[in-house]
Amino acid sequence: MTDATCAVAVESTTHNSTIDPLLFRQLLGCFPTGVAVITTTAANGQPAGLTCNSFSSVSLEPPLVLFSLRKASSLVSTFAGAEAFAINILSQQQGALSGRFASSKITDKFQGVAWRKGPLGMPIIDDCLVSFECSVFARHEAGDHDIFIGEVKHMGQGCADQALVYYKGAYRMLAQSLRTLVVQGQLGSDDLDEAYRTLYGTLLRLACERSTEAELDAIELAADTIERHGPDDALALRIDSATRFFSAIAVAGHNEALTLMAQTMIAVLRERMTHVIPAGPRPDLFALRRKIVQGLRHRDPHGAASALDDLITQLREQA
Ligand SMILES: Cc1cc2nc3c(=O)[nH]c(=O)nc-3n(C[C@H](O)[C@H](O)[C@H](O)COP(=O)(O)O)c2cc1C
């Protein structure tokens, strides 16, 4: 991207009077973070925990750290009643653990996970990079999150030496190798197209069965946004809109493993649109996206998938 297009992207974002929550989230993702599983012990003695990347250091003396917890989380009352918590910083080998503790569908997140109690009785997960066991020092409400500040009482270091890093909605090792594959042209177009057709064909079928009307509205809104872009809109904004359309379809499919795969394919799309095929606006694709939305609205998986096929073919022909 040139400096000129970059300036347009920043300007058109900051001049907006409202901050779009989806874009805000996406832009926050440009700050690479580690990943931690924050654990505590519930009133019934059971261990509880969630994946967090909002962990941050606060003070050296006294030793304070913080994390923020979504008020909508099912663990809000558990943490509200807790006097202590532990921060388990994940290693590069613990990506699966991150997915497990981020899932709202898994009820017993500790099943099959090796852990022990720390001196304060908090769950310390085995093989983490580092663990901090903290007493609750303060709690503050902040928007849709609660900020928990902990005073570190005990800490320990594991044998792993590489942290799991989260960046732009994906784990960094994955994003990095994808970038290399895409930019160096090692991923063939035919293979990519086949992968998009297979993955999104399945997601569209699932979305026809499982999506809520609100999720279909989100897909349609993403299609609207793509059509509203002017020819002078920055490439970064157009990439965001294109990825939002595909992310919304993945969400509507209600399958976490496929959503993870879709995130990977969306990362590939971003890389391709940024470095390989930075195409201009494509009004010729508007009707095909509309047909996908229509197929979903009519709960017609064949109609939706065949419109997707046409979209991919057309994209390739004109690219
Ligand atoms: C990389 C990553 C970072 C996350 N960071 C936070 C966070 O800082 N605070 C939070 O409340 N949820 C965060 N989440 C989401 C929670 O892990 C997830 O909502 C929760 O564990 C699912 O259970 P719940 O639906 O009961 O909240 C994150 C998820 C991922 C994948």
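Leaving aside neighbours within four places in sequence, which residues is V37 in contact with? They are G49, T51, N88, L90, L97, F101 and I125, where contact means C-beta atoms, placed from the backbone, within 7 Å.

The model is predicted: local features need pLDDT of at least 70, side-chain atom pairs count only at pLDDT 80 or more, and totals for chains, interfaces and linings use all residues. Residues are numbered from 1 along each chain as its sequence is written.

V37 is also among the residues with the most contacts inside the largest nonpolar core, together with A36, I38, F67, F85, I87 and L90. This core has 33 residues. A nonpolar core is a set of buried Ala, Val, Leu, Ile, Met, Phe, Trp, Tyr and Cys residues joined through C-beta atoms within 7 Å; buried means that 20 or more other C-beta atoms lie within 10 Å of a residue's own, the C-beta atoms being placed from the backbone.

The largest share, 5 residues, comes from β6. A second, separate core of 28 residues includes Y200, A207, A223 and A242.

The domain assignment, automatic or from a database, gives domain 1 (3-29 + 169-318) and domain 2 (33-167). Between them, 8 residues of domain 1 are in contact with 9 residues of domain 2. On the domain 1 side, β12 (170-171), α5 (172-183) and α9 (256-276) each give two or more residues, and α5 gives the most, with 3 residues.

Note on methods:
Buried ≥ 20, exposed ≤ 12 C-beta atoms within 10 Å, placed from the backbone. Helix = DSSP H or I, 4+ residues; strand = E, 2+ residues; numbered from the N terminus. Contact = placed C-beta atoms within 7 Å.
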